[in-house]
Amino acid sequence: MLYYNQTPQAVLRELNATEAGLPPSEVDERQRLYGPNTVRIQDESWWSKVSQPFKSIFMAVLFVAAIISFWRNETLDGILILVIMAVNATIYYVQRISTERVLRSLQKHIIQMVDVRRDDRVMSVDSIQLVPGDIISLSEGERVPADARIISGSNIRVDESMLTGESVPIDKQIAEVSGHKEVYEQSPMLFQGSFMVSGEVQAVVTTIGNETEFGKLAVLSKKQEVVSPIQKKIDSLVNKSIGVIAGIVIVAFVLALREGMALAESLRFVIAIGVSAVPEDLPVAISVVLVLGMRRMARKKALVRNTKAIETVGVVTAIATDKTGTLTRNRLSVQEIWRPVGGSHNLLRLAARAVNKGSSKSHDPLDIAIDDYVGGVPVGLDDLIASFPFNQTTSSSGNLWRQDGKLLLVIKGAPEPILKHSGLSVREREAAENALDYFTKQGYRVIALAQTDLAQRIDSLDDIPKSNKFDFAGFLAIADELRPEAKRAIQVADKAGVAVKMITGDHFETAFHIGRELGIVERRDQVFDARKMATMSDEELVLVVQTTRVFSRVIPEDKYRILMIMKQSGVIAMTGDGVNDVPALSSAHVGFAMGSGSQMAKDAGDIVLLDDDFRHIVEAVSEGRTIFANIRRMIVYLFSTNIGEVLTTLGALVMGMPAPLLPIQILWINLVTDSALVIPLGLEPGEKTNMLRPPRSPSAPVLSRFIVTRIILMAVTMAATVLALYLIFYKHNGITYANTIAFSALVVIQWSSALCARSTYESLFKRIRIWSGGFMVGMSIAVAIQVLAMFGPLQTVLHIAYVNYLDLLVTGAIAFVVPVVVSELHKLVGRRLLHKI
């Protein structure tokens, strides 16, 4: 249906709707008929999801090992290998289902409420509940929730780049157009996924879900899995390790044959080594940890929109933040008023006339504060002609009224431009500037009020004739309470090496007062009036940005320019809430959009602050650092224990001894320890030093030299300890007894290594006091299963021999203590190096 060829009234008739909106019964009927307003992207088939864990080379290798076992009539070994494959697949399914469930729960935070007229009443509903025929109202910054035909509106400009690729906003119209038109030519239509750049509009929904233009495109595409930078680095690390392990497997195979091991047994042996040595499940585990990290951050009111932001926020070097709502509560109140001596205006009435009346859904905190202050004072004018929202160019907003056949424009805004265009005498201007200076030094936000007569109607405040002089009426001094937790959060950021820069449109003195209250600045030379930027080159501005902590009188264009200069020397997080903040939010390394801001800003941001609180930005930085540290703990544990297993086996073969572990025992260790302990390590609470050191470089490798040293030390310690115990008992008690001791010792060492891996620098004896429920559950499962293997019905399957309990206790104690001693010495060295930084 070519709705753009029809008049608004014809479209309403076609959809059996009216401007009063649909009745509830009709809405229910249409919801049953059309379903929810969601775009369903083609997903993987159920068979692809089920078979996914079996497509890896490691599963294929294990399957070969199982076949060899059955061929050699070692049925129990073959069955156990198949069980291990099934358990690995089950773990994969559980991890995937858990990840998808968490992501679905996070999506509940990303709902769009839309103003809809139904049954002649305006209500706010979830965009999912929209149906064809609904009458919707949209304004600047909002996302278009469905395809719709414009009924009425003014100054309508829409960003349709998601459909057309054209970044320039498109002007829209109410009148129909003739002939067949492409999407970008359908000016009477609004399309789902586009954004209102300016104006206000009422439209009737024509199509929803997959029937929209955006939905049709989505049907042609498949859901793409987003891979974060850290995941790419880990994938690369795992792939490189596969090549190294392949070489080791070949060496082990030759040594096994040299020791007289049968060909089939040698194959099973090296297969077990290869499978256990490569951390093939690490990428999946990291995905789980990242998603669970997103959930933790959401609980702290920071909704992460992509996993890349989790890593980036942990390396942020500076935060450029707005003042209003982020560092303050955005609960504005008029504290004082001032008008010139002998002024004839009723300031309260003029303030009432200046309150923006353009939309019934306007919730501007300034308008609310003024409206509350004037207390229902009548405006005393005949008719409201037009209402103009805040204009960045003129730094003002206002209303156009008709009085006795004349046009009267009442405006409110920044004092400087209003005073500049007012017909004040030198003495009157001096008095006004003194009052302004007094208010700003008290930390007040100052709003000027004025009016002017117009000869003809204007469409925006930009159209005010330059010849018109304003009749200045006075000032309103507005207070916004500081968030009490903001000062503490700024101190935490400073200790973490993260600079905080406040960007505000306030007067210089107001900005200085608030910056000093928050502990951001101490001196006036740390505050910069952004109006000077117009005459400065980027080279000149670089030095200013480096030394400035607070920027006053900033407009969005200045904000973007400040950001681009800051990005030259660091990783920058930027906050924003309006349409004009979108370029800065999109260009920042991490964009923090305000939950109370426009939908367009939220879509441009990487993280949405659900309650606009600055404290949660700092908490997000801390969480980002913790998540990266936890991923590194997982790597340290997996690589150190896996390399330790390989060194243990190779060491015995090099020394001309039988292999200390059977293939089935190697696979068992890999299953029990890796599966039970890896993800819990990825969920550890942050260390105390987490926010007491500067951010790491984003280009730094995942594994620093200090971490690589830890991995090598722990792997060598594991191999040396197990081989020593194996050698002792091999000489005195025989191969079967020694195998069991080595098997038990290797498992205990991995438990000890997991405990040590809980912290990078902090001592185990301090770390153990910090409760980690996930780790304790994982460790309990690992211990319980190992006890079952040593003393339960799995003894025969795992070829466990009877050993003296005292031998088991002593070797277990040695296996537990030795890695702890080595790890603690290494952490001590690390702490001393850290203090020198």
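Which strands does helix H22 lie across? I will come to that after an overview, and please keep in mind that this is a predicted model.

The chain has 837 residues, and 55% of them count as buried. Its secondary structure consists of 28 helices and 21 strands. If you draw a box around the C-alpha atoms along the principal axes, the box is roughly 115 × 65 × 45 Å. Now the contacts with a separation of 6 or more: residues 24 or more positions apart account for 74% of these.

Next, a sheet. Strands of a sheet pair through backbone hydrogen bonds, either parallel or antiparallel. Here we have an open sheet of 8 strands with mixed pairing, and the order is E8-E21-E20-E19-E9-E16-E18-E17. At the edges are E8, residues 302–304, and E17, residues 527–529, each of which pairs on one side only. On average, neighbouring strands of this sheet are turned by 20 degrees against each other, direction ignored.

Strand E8 is joined to strand E21, residues 607–609, by 3 bridges, and the two run antiparallel. Ala302 stands opposite Leu609 in E21.

Back to the opening question. Helix H22, residues 614–654, lies across E8, E9, E16, E19, E20 and E21, and runs at about 160 degrees to E9. Helix H10, residues 282–299, lies across E8 and E21, and its angle to E8 is about 150 degrees.

Now a pair of helices. Two packed helices are described by the angle between their axes and the distance between the axes. For H23, residues 663–681, and H27, residues 773–791, the angle is about 165 degrees and the axes are 7 Å apart. Angles over 145 degrees count as roughly antiparallel, so H23 is roughly antiparallel to H27. The crossing of H23 and H27 is right-handed.

Which residues of H23 and H27 meet? From H23 they are Trp668, Val672, Ala676, Leu677, Pro680 and Leu681. On the H27 side, the residues include Gly774, Phe775, Gly778, Met779 and Ile781. Sorted by class, the contact of H23 with H27 has 12 nonpolar residues, 3 polar ones and no charged ones.

Last, a single residue. Is Ile250 buried or exposed? Ile250 lies in helix H8, residues 229–258. Its relative accessible area is 56%, and the cut-off for exposed is over 50%, so Ile250 is exposed. Ile250 and Thr207 are 43 residues apart in sequence, and their C-alpha atoms are 62 Å apart in space.

How values were computed
Residues are numbered from 1 along each chain as its sequence is written. This is a predicted model: local features need pLDDT of at least 70, side-chain atom pairs count only at pLDDT 80 or more; totals for chains, interfaces and linings use all residues. Side-chain values use heavy atoms; hydrogens and water are left out. Helices (H or I, at least four residues) and strands (E, at least two) are DSSP runs, numbered from the N terminus. Buried means under 20% relative accessible area, exposed over 50%, partly exposed in between (1.4 Å probe, protein chains only). Two strands pair if DSSP finds at least two bridges between them. Axes are lines fitted to C-alpha atoms, for helices over the stretch in contact, and angles run from 0 to 180 degrees between N-to-C directions. Contact means heavy atoms within 4.5 Å. Angles under 35 degrees count as roughly parallel, over 145 as roughly antiparallel, 65 to 115 as roughly perpendicular and the rest as oblique. A crossing is left-handed if the near helix is turned anticlockwise from the far one by less than a right angle, and right-handed if clockwise. Ala, Val, Leu, Ile, Met, Phe, Trp, Tyr, Cys and Pro count as nonpolar, Asp, Glu, Lys and Arg as charged, and the others, Gly among them, as polar.
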